[in-house]
Amino acid sequence: MNLLPYSRTKPRMSLTSFKCQQSFLSPEVKDLLQKALHANSNSELALSAHSWVTHDCGIIWEKLEELFTGIKEKCESKAWFFEAVTKIAPLFTHCQSVLRNLSQDDYSVTIHPMLCWTHQESEVSACLKLISAGSCESDHLVALLTITAVTERALGNLVLTRREQVPFLLRDLLVTPELHEILGKTRIQLLIILLGSVVGLNLRNIAWHGFLSPCEANPAFVATIITVLVDCGRFLKECYRTADIPCRQLASFKEACVLGSVFKDVSFPPRLVMEELILKSPLVPTVMVPVWMKALDLIGSESWGMSAMILLPMMECSLRCLFAHVNGVSERVLTAENSSFYTTLDEILKPNINEEICDSLDLARDNQRVDEHCQNTSYEHNETQPQATTVVARTSDANQVLIYIGKKLNEALHDLLNFVQGPRVRDRVSHGEVKLEYIPQSISQHILYLCLLILSLGNWRCLSKVMCVCYQDESCIYCNAKSVYYLDTGEDKTCCDQKQSYFDGLAVNDATKRCICEIKFDFITVTETSEDFNHLVAVLSRCIEKYKSIYHPSAILHEKLTSCTTLLDDWTTWKRVDCSELDYNDWENREKLELPKIIFFFPLKIAHKVVNLDDIQEFLTLILNINFEVLYRSKMELEFVSLLHRIIANVQSSLENICENLSVKYLLYVNKKLRSRQRETYRRQLNAIPVVIINCYLTVQAVYLLFFSINRVSQLSKSCSSDLLRVLKVVLKAHENIVSQTSLNANRWEEAVSVSLKNITTIKENFSENFSC
């Protein structure tokens, strides 16, 4: 019996080979970097370089322009970049020499005043210290990461003087006409050679994506970038008012404070234990070990931002090694040339190793057999939630990394790095959108713990639980389970024999081709590890197994739905005048509006018994028990989630408006500050509120009905999904109107009642058993 879940076309390269690899730069990239640093053996070029840089760190651009013009190759072709780098190579080492020979007085007079246009003088000063004489190679990599982020942010600010929006990517920023107009063609050409082209040195990308080892992060590159910034500052001071260069608001990580609770049960591990994990993990290449140790040094000195900055590219490097190993694509650990695939973290975490994410409609056709058990011809009520159609890769290109890291760790990585509403730490730090000192300890520790979990993956033969084992050439659905066991017959024979005995005892044969789920195994370690090591990994693993997505649109909708329902729970206790004083209908004995007992959505064969408004706690329990998938969802599903979120956000705004309005009116009334006409408005408001509340509550229940089966909406036909979107947009418009009508300055309560009654009718008609697409 062959139990490999996916067929491999070629043997996998061992992790040991990655650990021993000396460089992760592809041959052409490495050769270009070597040319940049060693071409100064040509004495003529070396001597001429001294005439390009003045004693006050000014570059003589006329000579550089003459050099670029003299290159006969096609402008900015691969051959052009190669010749340009070779010819300007002495400039790099000379910039380093000039900066290292500056005294403190020289720096204060010559350098510091010319950096004010960047608004980041302290960061540049820190980079200068990191490349000073006697600094280590890890410092040089830290300096390169820092100065590239500083440069991108500063250039973006400069572009804002001429246009309203800054391109997101540095390579796009460097080719904007506005930047060329401000700084001139030659300055931009040098920056493109250094930072902005995949066929140039591309220092920003190879450093930030974890390809550049510390021994390859030459301080001469950092010195050259600093010299360019200083020269730009001098030029701008002569031609512009640097005070007019805007400083965009920096990002914060306030929304990420909740991440501090993920590993709240973890005591900060001793350094020796973390060193053991780093040194023994086959996912840490030996050449990268000094950088990991530098990160631990920075954590020890409480430099949380800088430690986070260097952990991110190291995390990506380790994940790339795992990706290349488990998918049998060893060549993908190297930087790609401009004509090849560039393996970054985005690619590493995709469901397919070669293709874009599959649309779930397309995938559902491929996996129809697996999904059939999820679809019932009768209505499905609250007690049994329908199974999600998970968007995963087709068998032939399935990304095995997702199996090794497990669903929960994958969700945590997406929350931290990718989801739009999340902290997007990698993007914000690498693009200079945040000051390192503003990165809180909780974020840095969260990144560290995720890194340690990733490194621990290399030390296990198998994971803690089998989620799903499929036969060769079978499609595999990830079934909402916690992790997957990958039986590798090329690994430890004892381990494989032991597992084989479990499968031999199962009454399953090749003809049935069923999924085998929930088979428990113990951890099996590759290397001998200490008790403290094992304890740390076990504690981190337990924490991550409890992880629930925070920043995916569905997770945000779930949280908003919960908070909105909680707000409804105590609506009768909101401050108001007693009905005997103002002659309005008592809320407790209000006339009940006739609401449907059950709401349906026939196309997905789901129904929901409408919970009484007096039993909101029961309804809250139903909401909290909703299970939903967040990874690799279809565009159609995300469109529905977005629309549902907008509806709930408006419902909540309406409730908050009413609560605030009531509070203000109550205080005015008891203080006898309401005129007769205002008292009448107040009375009408008190009569109108129960109708608006019931409308809000029914809308919340309709949203719950759809959200309950949100992972299956991609199964709807095009016409059915269009009809549902149309209905939801009508509901959204109604609640947008109610928000404006219930605001403190509006007080249009009759209109709010009219819209509420109409919306109740809309929901009754469109979420009934008689409605179909």
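Let me begin with a term: rings of Phe, Tyr and Trp, taking the six-membered ring of Trp, count as a pair if their centres lie within 6.5 Å, and the pair is called stacked with planes under 30 degrees apart, edge-to-face over 60, and tilted for the rest.

What we have here is a predicted model, in which local features need pLDDT of at least 70 and side-chain atom pairs count only at pLDDT 80 or more, while totals for chains, interfaces and linings use all residues. Residues are numbered from 1 along each chain as its sequence is written, and side-chain values use heavy atoms, with hydrogens and water left out.

The protein has 31 helices and four strands, where helices (H or I, at least four residues) and strands (E, at least two) are DSSP runs numbered from the N terminus. Of its 773 residues, 58% are buried, and by buried I mean under 20% relative accessible area, with exposed being over 50% and partly exposed in between, for a 1.4 Å probe and protein chains only. If we take contacts (heavy atoms within 4.5 Å) between residues at least 6 apart in sequence, 80% of them join residues at least 24 apart.

Let us turn to the interior. A nonpolar core is a set of buried Ala, Val, Leu, Ile, Met, Phe, Trp, Tyr and Cys residues joined through side-chain atoms within 4.5 Å, and the largest one here has 245 residues, with Ile147, Leu183 and Phe767 among those that have the most contacts inside it. Helix H29, residues 676-708, gives the largest share of this core, 19 residues. Setting aside residues up to four places away in sequence, Phe767 touches a group that includes Phe600, Phe601, Leu705 and Leu706.

Now back to the aromatic pairs. Phe628 and Phe707 have ring centres 5.3 Å apart and planes at 40°, so this pair is tilted. Because Phe628 lies in the loop between helix H27 (616-624) and helix H28 (635-670), and Phe707 in helix H29, the pair ties together parts that are 79 residues apart in sequence. Both of these residues, Phe628 and Phe707, are buried. Tyr669 and Tyr682 form another tilted pair, at 6.1 Å centre to centre and 55° between the planes, and since Tyr669 lies in helix H28 and Tyr682 in helix H29, parts 13 residues apart in sequence are tied together. Tyr669 counts as buried at 18% relative accessibility, and Tyr682 counts as buried at 0%.

Leaving aside neighbours within four places in sequence, Asp231 is in contact with Cys57, Gly58, Ile59, Trp61 and Arg187.
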